[in-house]
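Please take a moment with the sequence and the structure below, and keep both in view while you read. The paragraphs that follow go from a pocket to the charged side chains.

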Amino acid sequence: MQEQIEAVQRMQEYIAEHLSEDITLADLAKAAMFSPWYARRIFIAHTGVTPSDYIRRLRLKASALRLRDENCLITDVAFDLGFGSVDGYTRAFAREFGCTPKQYALNPTPLALFSPYGVKFKYIARRTNTMQNTKNVFIKVVFKPERKVILKRGKTATEYWTYCNEVGCDVWGTLTSIKSLGGEPVCLWLPKKYIQPNTSEYVQGVEVPCDYKGAVPSGFDVITLPAATYLMFQGEPFAEEDFGTAIQQVQEAIKKYDPSIIGYKWDNENPRIQLEPIGTRGYIELLAVK
């Protein structure tokens, strides 16, 4: 099983690195170090989609973000991302998202973007890790302006895993499609005043300007947060499979930290914020202070 997981992960990484190029099954088989037939079989078994569908959906996601953020020609987007023709790209985009690239470029509404989670993370045990080596955690004061947050509530979730079980992991793709103030979605632990009856403390959302006029996806809520000062805790870069340990290291540092040494105290009236664990930048959490 582990050998299969590592092979599929290598195929996923190859696709991510060569997304704009022509990717053949032979290329993926070489990355997996198995025969093309077996590589395709285990890819479907562990991701639930064929390699071609996976590549197509990943390219469509990338194209949607370009159309949202750049003043670019649809022709350029289609060919830059490996589609054989503009007509084929337009049809694929419409099947995936229910609108044409031109319609979306003129009015970028929230979309359910594909979220390609690495297969190896599905099999990492959720256990407490013993930290063998002391890691640095860097602390920085940051200011967040008054803003709105478009969020999806869970039921009883207090952390990521229970939230995904309650809501599903596809929420992140929809949030990614909404242009945010910080450039990415966020996870939040909400103070009591922002929690509706029978909903969760832990939510996922996207921070947008107070004058946001765009669409709000069905089933999502909008809250307004005041301007606030935060301490940003950032750990060292980590290997992606070690994300659990990286999170634990930062959270242990937060528990031990006394903000009074720099003239602050914790502000429990504002949400605690978690960013997506990305190995190349280190794990990040933000806690409000006053």
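The second largest pocket is lined by 18 residues, and those nearest its centre are Trp189, Asn268, Asn270, Arg272 and Leu287. Here a pocket is an open set of points on a 1 Å grid over the protein atoms alone, where a 1.4 Å probe fits and protein lies on both sides within 12 Å along at least five of seven lines, and a lining residue has an atom within 4 Å of a point. The volume of this second largest pocket is about 320 Å³, a volume being the space filled by probe spheres set on the points, which are joined across faces, edges and corners. This is a predicted model, in which local features need pLDDT of at least 70 and side-chain atom pairs count only at pLDDT 80 or more, while totals for chains, interfaces and linings use all residues. Residues are numbered from 1 along each chain as its sequence is written, and side-chain values use heavy atoms, with hydrogens and water left out.

Which elements each supply at least two residues of the lining of the second largest pocket? They are α10 (243-256) and β8 (284-289), where helices (H or I, at least four residues) and strands (E, at least two) are DSSP runs numbered from the N terminus. Sorted by class, the lining has nine nonpolar, three polar and six charged residues; Ala, Val, Leu, Ile, Met, Phe, Trp, Tyr, Cys and Pro count as nonpolar, Asp, Glu, Lys and Arg as charged, and the others, Gly among them, as polar.

Arg272, one of the residues nearest the pocket centre, forms a salt bridge with Glu285, with the closest N and O atoms 2.7 Å apart. Because Arg272 lies in strand β7 and Glu285 in strand β8, the pair ties together parts that are 13 residues apart in sequence. A salt bridge is a side-chain nitrogen of Lys or Arg within 4 Å of a carboxyl oxygen of Asp or Glu. Arg272 is partly exposed at 27% relative accessibility, whereas Glu285 is buried at 0%; buried means under 20% relative accessible area, exposed over 50%, and partly exposed in between, with a 1.4 Å probe and protein chains only.

In general, side chains of opposite charge can pair when their charged atoms come close. A search of the whole structure finds 14 salt bridges. One of them joins the side chains of Arg281 and Glu184 (2.9 Å, N to O). Arg281 lies in the loop between β7 (272-274) and β8, and Glu184 in the loop between α9 (171-176) and β3 (186-189), so this pair ties together parts that are 97 residues apart in sequence. Within helix α10, Lys255 and Glu252 stand three residues apart, about one turn of the helix, and their side chains meet in a salt bridge of 3.7 Å, N to O. Elsewhere, Asp53, Arg56, Arg57 and Glu96 are linked in a network of salt bridges.
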